[in-house]
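This briefing looks at one model with its sequence, and takes up strands, cores, cavities and backbone geometry in turn. Please keep the structure in view while reading the points below.

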Amino acid sequence: MMQIALIDYGSGNLRSAERALLAVGALASKRVNVRITDDPDFVRRADKIILPGQGAFGECMAGFHARDGLCAAVTEAAISRGAPFLGICVGMQLLATRGEENGSHQGLGWIGGVCRPLLPGAGPVPHMGWNLVQSTSAHPVLGPLGASAYMYFAHSYVISEAPEAAIIAQTTHNERFTSVIARDNLIGVQFHPEKSQAAGLALLARFLDWQP
Amino acid sequence: MSLTVRIIPCLDVKDGRVVKGVQFGALRDAGDPAEQAAFYDAQGADELCFLDISASLERRGTLLDAVARTAERCFTPLTVGGGVRNVEDVQALLRAGADKAAINTAAVLDPTLIARISGRFGAQCLVVAVDAKQTGPQKWEVFTHGGHKPTGLDAVAFAVDAAKLGAGELLITSMDRDGVKNGYDLGLLAAISRQVAVPVIASGGAGSVQDLAPAVLEGGASAVLAASIFHFGEATLAQARTALAQAGIPVRPV
């Protein structure tokens, strides 16, 4: 049975992600156990790690560190052991080196870049709703180069200055920003696959199949 | 710009059933919220809104189990409002499966609540709902308690302040147009949308899919919310998408 750790650090709607993963597992007749957890022991052994996130960068980072041993366990699973890791929304942004939301905060820095405000412009901020995710580099979780899909976004900050090689897809709203980053066994998406109906569920299914 | 305009069916819920009123009264039964949510999710709704319209009035909390059953059935964002009075209420809604909380009466009684919810869960999680009634040319007043209590507050000024305090979106409902089905109050929408950077959701008055495009083109709305036209089978979401697309508005292909 595939053990999926959905990291609970006091942020956001974890039920949506849990339901979406269970639905994906059921559709593909996969045996998956999804656990919303802050238990370091479970995280250390999990087959897949998902870091969701809603809210401010600094608060999310603080919440992550506030739970005893949680950050160390996620680091051990994703970095030392190489378990497939998916960061969603702020969970993706935490992969940056630092975040500039309500002050400057250190991120996990696993991929790099800076999390800064989406540029103002004709489009409203927060960037809220369905927008096109266009792949700029092929990736097993995203599909072939040039593939595009509408996904649901809800954010006011973006990762910029990510390493060129880590940029997998981009989206346009007031500017062209990075909507998917990846390296090795790590992938982060700015949108919410768990709220993106069929396109989002298909992405989650590919993440469950992914063996980097 | 490739962000598409959202079409949001709204489930007005009273005592666990979807209802739809005319000018905030005269309710007609329109079904089970979870069933309705699944139906709209399958039709490709861009988002769903669940408003417990009796909650604030009767001073009881939102029906969390109805929310949980509804959230269970949809893989599209769900906004829930009605009876949200504090940060803990928002937490409970999110735990039940809501993605965003809408606040109305409580935000008027204590605007600092907007900043507190936004600070805790992020602006993207908070919709401030404004029920407004026209009182003169280019003048609208905020009402609370499900449209029962006048507040003396100017609706445009209140909406602008709410955005400054941390509302991630503004759900603007014209009480004059609610359920009357002769189009959104475009003047109200335009007066607010031109002064705020956050998305404005148009609500109250959609009588046919032809009413949707003007809310975007003239009202400056980022999303259109409707109840009656969808609940009673007068229009499908596909027809709504087509009507917007024909007016040159980007919509999500489903």
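Predicted model: local features only at pLDDT ≥ 70, side-chain atom pairs only at ≥ 80, totals over all residues.

Strand 8 of chain A, residues 127-135, is largely enclosed by the rest of the structure, because eight of its nine residues are buried.

**Strand 8 of chain A and its surroundings**

- Strand 8 of chain A pairs in the antiparallel sense with strand 9 of chain A, which spans residues 148-155, and eight bridges join the two.
- Within that pairing, Val133(A) has Ala149(A) of strand 9 as its bridge partner.
- Strand 8 of chain A also pairs in the antiparallel sense with strand 11 of chain A, residues 167-172, here over two bridges, and Ser135(A) stands opposite Ala169(A) in strand 11.
- The loop between strand 7 and strand 8 of chain A contains Pro126(A), and the peptide bond that joins Val125(A) to Pro126(A) is cis, with omega at about 5 degrees.

**The four-stranded sheet of chain A**

- An open sheet in chain A is formed by four strands in the order 6-5-7-10, with mixed pairing.
- Its edges are strand 6 (105-106) and strand 10 (157-160) of chain A, each of which pairs on one side only.
- Inside this order, strand 5 (residues 98-99) and strand 7 (residues 114-117) of chain A are paired in the parallel sense over two bridges, and Arg98(A) is found opposite Val114(A) of strand 7.
- Strands of a sheet pair through backbone hydrogen bonds, in either the parallel or the antiparallel sense.

**Strand 1 of chain B**

- Strand 1 of chain B, residues 6-14, has eight of its nine residues buried, and it is therefore largely enclosed by the rest of the structure.
- Strand 1 of chain B runs parallel to strand 12 of chain B (residues 223-226), to which four bridges join it; Arg6(B) has Ala223(B) of strand 12 as its bridge partner.
- Strand 1 of chain B is likewise paired in the parallel sense with strand 4 of chain B (residues 48-52), over four bridges, and in strand 4 the bridge partner of Leu11(B) is Phe50(B).

**Nonpolar cores**

- The largest nonpolar core has 76 residues, among which Val128(B) and Leu170(B) touch the most other members.
- Helix 6 of chain B (residues 155-165) contributes the largest share of this core, namely seven residues.
- When neighbours within four places in sequence are left aside, the contacts of Val128(B) include Ile103(B), Ala107(B), Ile114(B), Phe158(B), Ala162(B) and Leu170(B), and also Glu169(B).
- A second, separate core holds 74 residues, including Met61(A), Cys115(A), Val133(A) and Leu186(A).
- In soluble globular proteins, nonpolar side chains tend to be buried together.

**Cavities**

- Three cavities of 30 Å³ or more are present in the structure, and the largest cavity holds about 90 Å³ of space.
- From chain A, the lining of the largest cavity includes Gln54(A), Tyr152(A), Ala154(A), His192(A) and Lys195(A), while from chain B it includes Pro77(B), Asp99(B), Lys100(B), Gln124(B) and Cys125(B).
- Sorted by class, the residues that line the largest cavity are four nonpolar, three polar and three charged.

- Gln138(B) is a residue other than glycine with a positive phi, near 55 degrees, and it lies in the loop between strand 7 (126-136) and strand 8 (139-144) of chain B.
- With a relative accessible area of 55%, Gln138(B) is exposed, because the value lies over the 50% cut-off.
- Lys181(B), also not a glycine, has a positive phi of about 65 degrees; its place is the loop between strand 10 (169-174) and helix 7 (186-193) of chain B.
- The relative accessible area of Lys181(B) is 29%, so this residue counts as partly exposed.
- Ser193(B), which belongs to helix 7 of chain B, has a relative accessibility of 16% and therefore counts as buried, the cut-off being under 20%.
- Not counting residues up to four places away in sequence, Ser193(B) touches Val200(B), Gly219(B) and Gly220(B).

Note on methods:
Residues numbered from 1 in each chain as written. Chains lettered and ligands numbered in written order. Heavy atoms only, no water. Core = buried A, V, L, I, M, F, W, Y, C linked by side-chain atoms within 4.5 Å. Buried < 20%, exposed > 50% of the residue type's maximum accessible area, 1.4 Å probe, protein only. Contact = heavy atoms within 4.5 Å. 1 Å grid on protein atoms, 1.4 Å probe; cavity = no way out; pocket = protein on both sides within 12 Å on 5 of 7 lines; lining within 4 Å. Points joined across faces, edges and corners; volume = space filled by probe spheres on them. Nonpolar A, V, L, I, M, F, W, Y, C, P; charged D, E, K, R; others polar. Pairing = 2+ DSSP bridges.
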